[in-house]
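The report is meant to be read beside the sequence and the coordinates.

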Amino acid sequence: MIVSDSTTLIILFDLNRVKLLQNIFSSIFIPKSVHGEINFKKNIELPSFIQVANPKKTEQLSELKMLLDDGESEAIALALELNLPLIIDEKKGRKIAKNLNISIIGLLGVVNLNVKKNHITKSEAKKFIDDAQKNNYRISQKLIDEMFAKV
């Protein structure tokens, strides 16, 4: 089980590759604000393994909302509340989550786990990342190179 922010979900839904998440996570929880963000362009029907769950309104959530957007703030708060790791890609949100001792993974981590667990090959992973970049998703070449060095 894991909590997710929107960026990785948006990329995977746009490229019809949500299966990459289902391969490695039995359940994914997203706050309502993240659901709204992934539905911004088109109405997406969530697969059964992705569930909407809102964090409790706390002072910590209010503080997070002063630093980050609603989706990131609520995803971090929900990960803390449920004591689960978090899928998050934005640098500032990742730093804050790490400082709160939340275990994090991003899009490349999801791809890496799929390769390591033999759900996809290295060449399929490379094609997916190329497709993501062709669709204007910015992914650091340095991070891509580091990921492929590990698999």
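This is a predicted model: local features need pLDDT of at least 70, side-chain atom pairs count only at pLDDT 80 or more; totals for chains, interfaces and linings use all residues.

Read from the N terminus, the elements follow the order β-α-α-β-α-β-α-α-β-α-β-α-α-α. The radius of gyration of the chain is 15 Å, close to the 15 Å that the globule rule gives for 151 residues, so the chain is as compact as a globular protein of that length. Along its principal axes, the C-alpha trace spans about 45 × 30 × 30 Å.

The largest pocket has a volume of about 820 Å³ and is lined by 24 residues, of which D89, R94, L108, I139 and L143 lie nearest its centre. Two or more lining residues come from each of the elements α1 (6–14), α6 (91–99), β5 (104–105), α7 (107–116) and α9. By class, the lining of this pocket divides into nine nonpolar, six polar and nine charged residues.

Helix α9 also takes part in a helix pair, in which α8 (residues 122–134) and α9 (residues 141–150) pack at an angle of about 170 degrees, with their axes 12 Å apart. Because angles over 145 degrees count as roughly antiparallel, α8 is roughly antiparallel to α9. On the α8 side, the contact is made by K122, A125, K126, I129 and Q133, which meet Q141, I144, M147 and F148 in α9. The residues of this contact comprise five nonpolar, two polar and two charged.

The two sets of residues can be set side by side by class.

Technical notes: Residues are numbered from 1 along each chain as its sequence is written. Side-chain values use heavy atoms; hydrogens and water are left out. Axes are lines fitted to C-alpha atoms, for helices over the stretch in contact, and angles run from 0 to 180 degrees between N-to-C directions. Helices (H or I, at least four residues) and strands (E, at least two) are DSSP runs, numbered from the N terminus. Angles under 35 degrees count as roughly parallel, over 145 as roughly antiparallel, 65 to 115 as roughly perpendicular and the rest as oblique. Contact means heavy atoms within 4.5 Å. Ala, Val, Leu, Ile, Met, Phe, Trp, Tyr, Cys and Pro count as nonpolar, Asp, Glu, Lys and Arg as charged, and the others, Gly among them, as polar. On a 1 Å grid over the protein atoms alone, a cavity is a set of points where a 1.4 Å probe fits but cannot get out, and a pocket is an open set with protein on both sides within 12 Å along at least five of seven lines; lining residues have an atom within 4 Å of a point. Grid points are joined across faces, edges and corners, and a volume is the space filled by probe spheres set on the points. The radius of gyration is taken over C-alpha atoms; the globule rule is 2.2 Å times the number of residues to the power 0.38.
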